[in-house]
Amino acid sequence: AEVIKMDVSQPQSLKKALSVPNKLLMGPGPVNIPLRVHNAMMKPMLGHLHPEFTEIMDEVKEGLRYIFQTKANVVCCVSGTGHAGMEATMCNLIEPNDVILIAQNGIWGERAADMAHRHDGDVRVIEKPAGDVFSLHDLDSALSQHKPAILFMVQGESSTGALQPLEGVGSLCRKHGTLLAVDTVASLGGVPFYMDAWEIDVVYTGSQKVISAPPSMAPMAFNDRAMAKVHARKTPIRSFYTDITWLANYWGCDGLPRKYHHTGPVSSVYALREALSMMCEEGLESLWSRHRSCAQKLYDGLADLGLQLFVDDPAKRTPTVTTICVPNGVDWTKVTKYFMSKYRVEISGGLGPSAGKVWRVGLMGYNCTPENVDKVLSIMKEALANVSKLKS
Ligand code: PMP
């Protein structure tokens, strides 16, 4: 047989040892992960349907029920990041021409609307300025006007730092015959969330934020109302990979024997299991108060530096992501570069409507400590003094 000459040779870059610097990740995610979670990933590989592995998946499910505060049957993960959870929400809930109302006050509402269009939803948008949130009155009138099948909201808008109150929204949705889907990627575990008590029908989050596991898993839950809509579909779910009926089977939620859907990311599931175990050990009340008190310490320290927050009303701020206004005349990139080059600390710039206007500091899970707040504040003080010196 003819030997084909290889045109592509082994890359030089892969002959070097893998090199990864140690950085403190104080942006909006991913966050640093505890050693216990790192170590979990070194456990032996198992088959993705082995009983020892499906038992670990069951433990993950129990942990997720605790952090979502739900007794829903269908609690599972999409193997992917937060966007995969968003995509799964859209593709399972929307049938062509279903009216979906998106409460948009930042980039995540924009992304959700983009995805909803791709699934041929009849997309309606209500908007609030960046940094603001929706009142029950706003939502009630929009629900009356649009009569949507689905309302989509974001609890922690990480592009603006806003925290959407959710209490009461679920019962409004039930009054209007609407399903309520909530993105909690940037907030879950850092602020109160009660899926069942707040009558939320679909929720998803991401593993790399407060949960403090590596990016790779999008935990989600669908309650019986949401599953009833899925089961009543006249058209097939347009994605095999994010089909909630398949995922529910693989995660052992439908009472049927597990079938091969996809190869679960085994080591990532170990990591998630350990991260959830740590959250359960600490307890949600303690997690919530740790996030609140560290955020308050950050607000106070920033005020002492003469800096203003992008979200004026403290009640409308998510403690997990703080948006800080860039003062006039300061080049924000010089400050983020100062953090990184001198201290290997990440803080990030704005995103979407806040791009160029703010810095974003994350206080999430493992990284949410008073020591890290002090570190960010002292570097910020030094950076501002240096950057101003450079200017003059
Ligand atoms: N929703 C929100 C509120 C987020 O903050 C993020 C990530 N920053 C996402 C969705 C998307 O998550 P991922 O980057 O993990 O896909």
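**Figure 1. Seven strands of the predicted model form an open sheet of mixed pairing.** The strand order is β2-β10-β9-β8-β5-β3-β4, where strands are DSSP runs of E with at least two residues, helices are runs of H or I with at least four residues, and both are numbered from the N terminus. Two strands are taken as paired if DSSP finds at least two bridges between them. The edge strands β2 (74–79) and β4 (122–127) each pair on one side only. From one strand to the next, the twist averages 20°; axes are lines fitted to C-alpha atoms, for helices over the stretch in contact, and angles run from 0 to 180 degrees between N-to-C directions. The model is predicted, and local features need pLDDT of at least 70, side-chain atom pairs count only at pLDDT 80 or more, and totals for chains, interfaces and linings use all residues. Residues are numbered from 1 along each chain as its sequence is written.

Figure 2. Val154 has Asp183 of β8 as its bridge partner.

**Figure 3. Strand β10 is covered on both faces.** Six of the six residues of β10 (residues 217–222) are buried. Here a residue is buried if 20 or more other C-beta atoms lie within 10 Å of its own, exposed if 12 or fewer, and partly exposed in between, with C-beta atoms placed from the backbone. Met217, Pro219 and Ala221 lie on one side, and Ala218, Met220 and Phe222 on the other. β10 runs antiparallel to β2, to which six bridges join it, and Val78 stands opposite Ala218. Three bridges join β10 to strand β9 (residues 202–204), again in the antiparallel sense, with Val202 opposite Phe222.

**Figure 4. Fifteen residues surround the ligand.** The closest are Thr81, Gly82, His83, Ser158 and Ala186; a residue is near a molecule if its C-beta atom, placed from the backbone, lies within 6 Å of it. Helix α3 (residues 82–93) gives the most to this shell, with three residues. By class, the shell has seven nonpolar, seven polar and one charged residues. Ala, Val, Leu, Ile, Met, Phe, Trp, Tyr, Cys and Pro count as nonpolar, Asp, Glu, Lys and Arg as charged, and the others, Gly among them, as polar.

**Figure 5. Three strands form an open antiparallel sheet.** The order is β11-β14-β13. β11 (321–325) and β13 (348–349) each have a single partner strand, so one side of each is left without a neighbour in the sheet. Two bridges pair β13 with β14 (residues 358–362), and the bridge partner of Gly349 in β14 is Trp359.

**Figure 6. The setting of these views is a protein with twelve helices and 14 strands.** The radius of gyration is 22 Å, close to the 21 Å that the globule rule gives for 392 residues, so the protein is as compact as a globular protein of that length. This radius is taken over C-alpha atoms, and the rule is 2.2 Å times the number of residues to the power 0.38. Buried residues make up 48% of the 392 residues.
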